[in-house]
Amino acid sequence: MLKHYLFFFERKFLHIFALMLFFIIISTLEMIGVGTIPILLSVFINPDAIEKYFPFKNLIEIFLQNDLKTQLFVICSLIFIIFFLKNCLIFLVNYYKTKFFLNLKLDLTRKSINKVIRNSYRFYLVENNAVLIKYFGTDITRTITYLEKSLIIIQELLIFIFIVFLLIFTLPTSYILILLISVLSLLLFYNISKNKMRKLSYLSNINITGLMKNINQVYGSIKEVKIYNKFDFFENKIVGLQNEIQKLDFYSQIINKLPKIILEIVSVLALIAILLFSFKNQQSFVEIIPILGLVAFSLIKIAPSLNNFAASYIQMKAFEVSVEQIKNLLSNTNFTFNKNIKENNNNFSFNKKIEVKNLCFNYDKIKKKTLKNISFELNKGDMVTVIGESGSGKTTLIDLLLGLHDNFQGEILVDGKNILRNIFQWHKILAFVPQQVYIFDESLKNNIAFGYKDSDIDEKKIAYCIKMSELENYVKNLPEGLNTIVGDRGKQMSGGQLKRLGIARALYRNPEILILDEATSEVDNITEKRILNNLQNLEKKLTIISITHNVKNIDKASKVIKLSQGNLVK
Ligand SMILES: Nc1ncnc2c1ncn2[C@@H]1O[C@H](COP(=O)(O)OP(=O)(O)O)[C@@H](O)[C@H]1O
Ligand SMILES: [Mg+2]
């Protein structure tokens with residue numbers, strides 16, 4: 001637990017110390033509150049008994065000079081003040097604590113999304129997106145709950161310790177023994193159930209990820225699901241997973257309810273034991289009543305406290321899996337991009353040429369090299385076409401040129417400067433159309449101006465990009481023109497239209513270099529020719545690197561790079 005604390009609270013320890021201090025004050029007041037009950041009872045039964053409980057003799061004498069009514073009034077007022085103060089403090093602490101954890105959650109979300117976005121591209125190749133979604137959907141919330149509960153158990157533990165302290169000093173040893181046995185039996189039970197909870201939650205976590213993964217998969221392959229009539233297959237799979245999750249949930253809910261039940265039974269047993277014990281020792285009622293009052297009132301205080309402690313503790317165990325996952329995400333540096341490379345980010349420009357030198361690359365866990373010793377050069381203003389059979393490594397080569405990978409051998413130099421050392425500047429001057437263009441469920445305009453606020457969007461530039469990517473006719477027929485929502489993953493667009501939208505998005509960035517991964521493959525021949533013409537005759541002269549299947553358009557290229565099984569063949 002402590003290691004999680006150190007990790008998540010980091011520089012916020014001052015807040016935690018402040019909270020602890022408050023907890024201690026509250027617990028002290030709690031103790032005094034409980035302690036006043038037997039005093040009150042004793043004084044009712046035997047007014048002189050007050051001397052026994054109160055240490056300051058002078059004050060007592062002054063106090064005893066008053067009549068009984070006044071004495072009672074003073075005691076009751078004191079009790080009221082203590083309870084009032086305590087509750088005000090509890091309110092303040094809760095206010096502070098709630099705010100603290102809300103801020104912490106925001107902080108954690110920021111850190112996590114930062115990590116996810118900034119991690120090297122390799123991270124996305126190995127991590128399933130259901131896991132990524134789960135980080136933000138469940139794991140962060142559970143981590144915060146875990147930390148919150150950990151404070152609650154400290155708070156409850158303090159109250160428990162303080163009251164037990166009070167009991168130890170006021171009760172005979174035999175009573176304490178009875179209470180001790182009760183507490184130990186409770187602890188034994190918690191210990192058994194906590195491990196069970198951890199296991200249940202671990203399994204439930206796996207199933208939740210599986211459920212999300214399957215829903216994603218159905219959604220992604222909905223056409224195949226329908227055509228191949230795979231309704232039952234997916235229905236059974238998803239309902240099966242949900243059933244597993246619910247079963248595990250059922251067990252954990254049952255286990256969660258148990259502490260309260262067991263606690264109550266043990267408390268009553270303890271009280272009865274004490275009562276019987278007192279009678280056996282032939283103590284008089286007058287003696288027993290204040291003590292029983294103390295025990296009963298202590299139990300009333302301790303019981304919910306212990307219950308809260310146990311429930312929180314068990315829930316912490318259940319959420320520990322999520323905590324470890326978030327911690328792992330945040331502390332894992334295996335995917336840090338450019339970890340061993342010093343970036344300098346200055347004096348970077350592209351005026352002459354790009355040199356690719358002895359590029360070798362293989363994907364994680366795959367021994368065979370995907371790219372083998374690739375070297376070539378291209379000049380500013382070139383139109384380079386990359387061809388080669390499917391699987392020959394074209395996309396991989398482009399990904400390397402884009403600076404998505406940092407774990408390759410060889411160098412990519414722009415005017416003699418390594419792109420990895422100037423990654424930020426390099427990305428500033430290039431634009432890219434991926435093999436699969438991703439469309440947001442937003443307006444066409446927002447889709448073209450990728451990551452710009454509405455107020456920052458330049459409509460003239462949008463119109464220009466639409467013209468250059470031959471999307472004008474498409475836009476003309478849209479019900480709300482540029483403001484039409486084009487739908488989640490572009491379901492409302494054809495493959496060719498998607499590609500052209502990708503080109504418009506790339507052009508909106510005013511690039512010097514445009515990299516296209518089969519960007520025109522789904523576009524008809526005439527349109528493709530027109531787009532390539534447009535791109536070559538832009539106001540600003542572009543350098544274009546384009547993967548293509550359509551060998552007919554090679555004649556436009558000033559340079560052809562042919563790949564075969566990861567080798568450069570031409
Ligand atoms: N993320 C990956 N992990 C492992 N192997 C990959 C990955 N992506 C592609 N490959 C493999 O690398 C080779 C080249 O792939 P790719 O560059 O996509 O080819 P192309 O774009 O020419 O069709 C293929 O054999 C492919 O199976
Ligand atoms: Mg490809």
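A: A quick definition to start: a residue is buried if 20 or more other C-beta atoms lie within 10 Å of its own, exposed if 12 or fewer and partly exposed in between, with C-beta atoms placed from the backbone. Bear in mind that this is a predicted model, where local features need pLDDT of at least 70 and side-chain atom pairs count only at 80 or more, while totals for chains, interfaces and linings use all residues. Residues are numbered from 1 along each chain as its sequence is written, and chains are lettered from A and ligands numbered from 1 in the order in which they are written.

Let's zoom in on helix α11, residues 285–331 (helices are DSSP runs of H or I, at least four residues, and strands are runs of E, at least two, numbered from the N terminus). Its partner is α10, residues 231–280: the two axes come within 10 Å and cross at roughly 160° (lines fitted to C-alpha atoms over the stretch in contact, with angles from 0 to 180 degrees between N-to-C directions). So α10 and α11 run roughly antiparallel, the word for angles over 145 degrees. On the α10 side, the residues making the contact include Ile-255, Pro-259, Leu-263 and Leu-271, and on α11 Leu-292, Val-295, Leu-299 and Ala-303 are among them (contact is C-beta atoms within 7 Å). By class, that contact has 17 nonpolar, five polar and one charged residues (Ala, Val, Leu, Ile, Met, Phe, Trp, Tyr, Cys and Pro are nonpolar, Asp, Glu, Lys and Arg charged, the others, Gly among them, polar).

Further along α11 sits Ile-326. Why is Ile-326 called buried? Because 23 other C-beta atoms lie within 10 Å. Beyond its neighbours within four places in sequence, Ile-326 touches Leu-108, Ser-112, Tyr-135, Asp-139, Ile-140 and Thr-143. From Ile-326 to Ile-526, 200 residues along the chain, the C-alpha separation is 51 Å.

Now for the other spots. Asn-358, in strand β1 (residues 353–361), counts as exposed because it has 12 C-beta neighbours inside 10 Å. Asn-358 isn't a glycine, yet its phi is positive, about 45°. Most residues other than glycine have a negative phi. Asp-415 is another non-glycine with a positive phi, about 50°, in the loop between β4 (409–414) and β5 (417–418); with 14 C-beta neighbours inside 10 Å, Asp-415 counts as partly exposed.

Terms used: Contact = placed C-beta atoms within 7 Å. Parallel < 35°, antiparallel > 145°, perpendicular 65-115°, else oblique.
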